Amino acid sequence: MITFQKFQPSCRDALVVTDEHIARLYDIVGDNVFLLPRGERAKSFAFVEALCRWFIAKRLDPSGKVVAVGGGSVGDTVGFACSVYKRGVSLLQVPTTLVAMVDSSIGGKTAIDLDNVKNAVGSYFFSYDVVIDTDFLRTLDDIQMASGRGEILKYRMLDEEINRLVSTGADLDTVIARCAHYKQSVCDEDPFCKGKRNALNFGHTVGHAMELSLGIPHGVAVVNGIRYETALAAKLGLCTEQYAEFWQGETNGFDIYPLTEQMLELTVQDKKNVEGAVGFVLPTSFEKVLLPLDKLKKLLL
Ligand SMILES: NC(=O)c1ccc[n+]([C@@H]2O[C@H](COP(=O)([O-])OP(=O)(O)OC[C@H]3O[C@@H](n4cnc5c(N)ncnc54)[C@H](O)[C@@H]3O)[C@@H](O)[C@H]2O)c1
Ligand SMILES: [Zn+2]
């Protein structure tokens, strides 16, 4: 369930997990608080193990609830720990970044990284609720806001109403609410990503490769992915040149990085791949397309 309300960090009877930066900003302290490092570094077996040990020390049983206050890095890590600890303990996600509000806190995908493979280990975990308090965005820096706007650009290409809201200058809270409910409705229809939910991975094949190799924020990498994958779709005749040019134009306000051969090599580990071919979700059908790496290099470099 997604609710929009002011978050009160004084949940004394719950176990709260956040990151060091958010804890400092919002004075989240106490015996019931576990601190992860900032950003992607949290998404590791080491911190999942540390969390599970802390849950044991706190005598958390499966009837308890964990509160994850943070961005996608906190949510993905805590979500994975909650999904495996005693075979599942409920989670309340309190997203504090724009990416987490419109995307990562919703849908039940959890993951950690391993051996330079993003989201290599993870689970689907549906025992969660989400409380969105957009006041958290007041302290978010411009780079992380741009990252969230990157995911919103993806939604604009998938949902006419989101595109209309953004194009007509609707306020951010309205856009966030529509994106969150849109994602939840797609995930309700296709929880295990067998069909419609795949569309949400648009921009993410190239995006994840660039995120890993450049260390740029997730949504900024997705915008780069949108730009390159839209060009790919046009070259494959899946969309018109005008369509590609329009959406590439919409990426102009973001930081765009050159795509290299080494980055494309990283796509061989993408979760959408089948029998060695690289999996993409491309406009305008937003269905999975498979391409051999050689062909991909020829088309994109
Ligand atoms: N599970 C999913 O469905 C899903 C979807 C999208 C992204 N993700 C994952 O989410 C991760 C990215 O998450 P993210 O973009 O939310 O970033 P993040 O969680 O890595 O946080 C980025 C930075 O923002 C800081 N921060 C967080 N909230 C803040 C606030 N309110 N004020 C000031 N600073 C704040 C953090 O301390 C951190 O330094 C990636 O690993 C990505 O793969 C998962
Ligand atoms: Zn994403």
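This is a predicted model: local features need pLDDT of at least 70, side-chain atom pairs count only at pLDDT 80 or more; totals for chains, interfaces and linings use all residues.

Colleague: Let us begin with the ligand. Which residues come nearest to ligand 1?

Modeller: A residue belongs to the shell if one of its heavy atoms lies within 4 Å of the ligand. Here there are 29 residues around ligand 1, and E40, G72, S73, T97 and T139 come nearest.

Colleague: How do the residues of that shell divide into nonpolar, polar and charged?

Modeller: The shell around ligand 1 holds 6 nonpolar, 12 polar and 11 charged residues. As for their origin, domain 1 (2-139) and domain 2 (143-300) each contribute at least three residues. Among secondary-structure elements, α1 (20-26), α3 (72-84), α4 (98-104), β7 (117-124) and α5 (142-158) each give at least two. The largest share, 4 residues, comes from α1.

Colleague: Which side chains place an N or O atom 2.8 Å from an oxygen atom of ligand 1?

Modeller: A pair of N or O atoms counts as a polar contact within 3.5 Å. The side chain of R38 has such an atom 2.8 Å from an oxygen atom of ligand 1, and the side chain of K43 likewise has one at 2.8 Å from a ligand oxygen. For S73, a polar side-chain atom lies 2.6 Å from an oxygen atom of the ligand. Ligand 1 taken alone exposes 880 Å², of which the protein buries 92%.

Colleague: S73 is also listed in α3. Why is α3 described as largely enclosed by the rest of the structure?

Modeller: Buried means under 20% relative accessible area. The helix α3 is largely enclosed because 12 of its 13 residues are buried; these include G72, S73, F80 and C82. Its length can be checked as well: at 1.5 Å a residue α3 should span 18 Å, and its end C-alpha atoms are 18 Å apart, so the two values agree. After α3 comes K86, with a positive phi near 50°.

Colleague: How many residues of α9 are buried, and what distance does this helix reach?

Modeller: The helix α9 (residues 218-235) is mostly covered, with 15 of its 18 residues buried. From first C-alpha to last it reaches 25 Å, close to the 26 Å expected at 1.5 Å a residue. Just after α9, G237 takes a positive phi of about 75°.

Colleague: Why does one look for positive phi values and cis peptide bonds?

Modeller: Most residues other than glycine have a negative phi, and most peptide bonds are trans, so departures from this pattern are worth noting. In this model, R59 has a positive phi near 55° and sits in the loop between α2 (45-57) and β4 (65-70). N116 has a positive phi near 60° and is found in the loop between β6 (109-114) and β7. R59 is exposed, with a relative accessible area of 73%, and N116 is exposed as well, at 52%.

Colleague: Which residues does a cis peptide bond join?

Modeller: The cis bond joins P283 and T284, with omega about 10°. T284 lies in the loop between β9 (278-282) and β10 (287-291).

Colleague: Where is S127 placed, and why does this residue count as partly exposed?

Modeller: S127 is in the loop between β7 and β8 (128-132). Partly exposed covers the range between buried, under 20%, and exposed, over 50%; S127 counts as partly exposed because its relative accessibility is 30%. Its C-alpha atom is separated by 7.4 Å from that of V89, although S127 and V89 are 38 residues apart along the chain.

Methods
Residues are numbered from 1 along each chain as its sequence is written. Chains are lettered from A and ligands numbered from 1 in the order in which they are written. Side-chain values use heavy atoms; hydrogens and water are left out. A polar contact is a pair of N or O atoms within 3.5 Å; within protein, one must be able to donate a hydrogen and the other to accept it, and residues adjacent in sequence count only if both atoms are side-chain atoms. Accessible areas come from the Shrake-Rupley method with a 1.4 Å probe; for residues, only the protein chains shown count as cover. Ala, Val, Leu, Ile, Met, Phe, Trp, Tyr, Cys and Pro count as nonpolar, Asp, Glu, Lys and Arg as charged, and the others, Gly among them, as polar. Domain bounds come from an automatic or database domain assignment. The expected span of a helix is 1.5 Å times one less than its number of residues. Buried means under 20% relative accessible area, exposed over 50%, partly exposed in between (1.4 Å probe, protein chains only).
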